[in-house]
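Visitor: I would like to learn how to read a few features of a model. Please take them one at a time.

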Amino acid sequence: MSSQSSMLHVRMDTDLKQKATETLAAMGMTVSDAVRLLFHRIAVDQAFPLELKVPNARTRRAMAEVDELVRTRKRRFASADEMFAELEEDSGQ
């Protein structure tokens, strides 16, 4: 490893940073540790360590539907049983 180091500046949502920092701390890691590990895997594997894909048309439609449900706050359920009961009712079973 090189004896020289350089800084990396990244802008991100404050809430996301806080949650990730807390999660990493629970794992015994710092944010810097995680970034170094990410960059190490990229350099060694010559690939991003997560599978990234462009969503297909069906997935994009499902994502848009979820966004709309969240935006309009439609169909919220108190439990999975409540959700499945309504789905069965909607399907005529």
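Visitor: Which side chains meet Lys19 in a salt bridge?

Guide: Side chains of opposite charge can pair when their charged atoms come close. A salt bridge here is a side-chain nitrogen of Lys or Arg within 4 Å of a carboxyl oxygen of Asp or Glu. Asp15 meets Lys19 at 3.1 Å, N to O. By this rule the count comes to five salt bridges. This is a predicted model, where local features need pLDDT of at least 70, side-chain atom pairs count only at pLDDT 80 or more, and totals for chains, interfaces and linings use all residues. Residues are numbered from 1 along each chain as its sequence is written, and side-chain values use heavy atoms, with hydrogens and water left out.

Visitor: Where do Asp15 and Lys19 sit along the helix?

Guide: Helices (H or I, at least four residues) are DSSP runs, numbered from the N terminus. Asp15 and Lys19 are four residues apart in helix H1, so about one helical turn separates them. Helix H1 covers residues 14–26 and also holds Leu16.

Visitor: What span should helix H2 have?

Guide: The expected span is 1.5 Å times one less than the number of residues. Helix H2 has 15 residues (31–45) and should therefore span 21 Å; its end C-alpha atoms are 21 Å apart, which agrees. Just after H2, Gln46 takes a positive phi of about 55 degrees.

Visitor: How much space lies in the largest pocket?

Guide: On a 1 Å grid over the protein atoms alone, a pocket is an open set of points where a 1.4 Å probe fits, with protein on both sides within 12 Å along at least five of seven lines; lining residues have an atom within 4 Å of a point. Grid points are joined across faces, edges and corners, and a volume is the space filled by probe spheres set on the points. The largest pocket holds about 830 Å³. It is lined by 22 residues, and those closest to its centre are Leu8, Val31, Ser32, Val35 and Arg36. H2 gives the largest share of the lining, eight residues.

Technical notes
Helices (H or I, at least four residues) and strands (E, at least two) are DSSP runs, numbered from the N terminus.
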